[in-house]
Amino acid sequence: MSVMAPAVDKKLTGLVAATFTPFTLQGEINLSEIGPYIDYLKEKQGVNSIFVNGTTGESMSLSVAERKILAEEWCQKAKGKMDQVVVQVGCMSLKDSQELARHAAQIGADGIAVIAPSFFKPDTAVLARDVLEDIEKRIPSFRGVKFSGSDLMDFGQCVSYSQSHWSVLYGMDEQLLAALAMGAHGAVGSTYNYVARHVNELISAFEKGDIVQARTIQFKMQELLGYAKKIGFDLGVNKQLMIEVSGLCLGPPRLPLMPCPHAHAVSIAQKYHSIFPELN
């Protein structure tokens, strides 16, 4: 779970693409691809909000300086094109997180998201709903949750407890329909980089009460992701699939993540096009 705090009171809804970080073949950040990336999301996938420097963006493999440069470029290039840019500022060091949060405010990010440190951490886990109890007394700017778990009871209780100005977003792409039925206001996910056009149709069908059509699209998503997971669907493979579908030059993941084996990318891309042929 990550908590969100927008700089301005704009409720975050709909699909939010968790963006990949473009790298050169040498593993350095590639800012030149961010503008075309935003245009692709907006024009080809119908995505209007982005979540940058998160897990999909390999944030824990980036330096604080690199994260600042990337956040600034995403915000600058998205201005006038994206409704909202949320910058993930969680780090292993709380001081680094504070520095990145201040920077996000300075560059005009619409909001920040924060995950807790994952190396030194409490011995016990708590439900997301428990975290929300009186949270605005501690974090007055709190505006929502990105819930990236499969416990739909906990998720549902988060929605039930949420205030009218909060956004409760779901983070497991393969079961979004269930989260919508529980009252999700939108979703954040990596696959929305390349299948958002279809997932927007899923959301539209759900809102119209056409559950059969919504379910059909969700099942297609599950077919694709189920196939990919059997082969091995790590971040490197996911990023390469985005490259194959979009034609963008996003480069390989940064070590310690390994590049996607070529045969895996070809196989999953073929499966993708067989399920969603209209995007060929």
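Glu174 sits in the loop between strand E7 (167-170) and helix H7 (176-181), where helices (H or I, at least four residues) and strands (E, at least two) are DSSP runs numbered from the N terminus. This is a predicted model, in which local features need pLDDT of at least 70 and side-chain atom pairs count only at pLDDT 80 or more, while totals for chains, interfaces and linings use all residues. Residues are numbered from 1 along each chain as its sequence is written, and side-chain values use heavy atoms, with hydrogens and water left out.

Leaving aside neighbours within four places in sequence, Glu174 is in contact (heavy atoms within 4.5 Å) with Gln218, Gln222, Leu225 and Lys229. With Lys229 there is a polar contact between the two side chains, at 3.3 Å; such a contact is a pair of N or O atoms within 3.5 Å, and within protein one must be able to donate a hydrogen and the other to accept it, while residues adjacent in sequence count only if both atoms are side-chain atoms.

Strand E4 (residues 84-88) has five of its five residues buried, so it is largely enclosed by the rest of the structure. Gln84, Val86 and Gln88 lie on one side and Val85 and Val87 on the other, and both faces are covered. In a regular strand the side chains alternate between the two faces of the sheet.

E4 runs parallel to E3, to which four bridges join it, and two strands pair if DSSP finds at least two bridges between them. Val52 stands opposite Val87 of E4. Three bridges join E4 to strand E5 (residues 111-114), again in parallel, and there Val86 has Gly111 as its bridge partner. From E4 the chain crosses through helix H3 (residues 94-106) to E5 in a right-handed β-α-β crossover, meaning that, with the strands pointing away from the viewer, the path from the first strand over the helix to the second runs clockwise.

## Helix H10

Ten of the twelve residues of helix H10 are buried, so this helix is largely enclosed by the rest of the structure. The cover over these buried residues includes helix H1 (34-44) and helix H11 (262-275). At the N-terminal end, Asp234 caps H10, with a side-chain oxygen 3.2 Å from the backbone nitrogen of Gly236. Just after the helix, Gly247 takes a positive phi of about 80°.

## Backbone details in loops

In the loop between H10 and H11 lies Pro256, and the peptide bond that leads from Leu255 to Pro256 is cis, with omega near 20°.

Asn53, in the loop between strand E3 (49-52) and helix H2 (64-78), has a positive phi of about 60° although it is not a glycine; at 2% relative accessibility, Asn53 counts as buried. Asp134, in the loop between helix H4 (128-132) and helix H5 (135-138), likewise has a positive phi, near 55°, but Asp134 is partly exposed, with a relative accessible area of 37%.

Key:
Buried means under 20% relative accessible area, exposed over 50%, partly exposed in between (1.4 Å probe, protein chains only).
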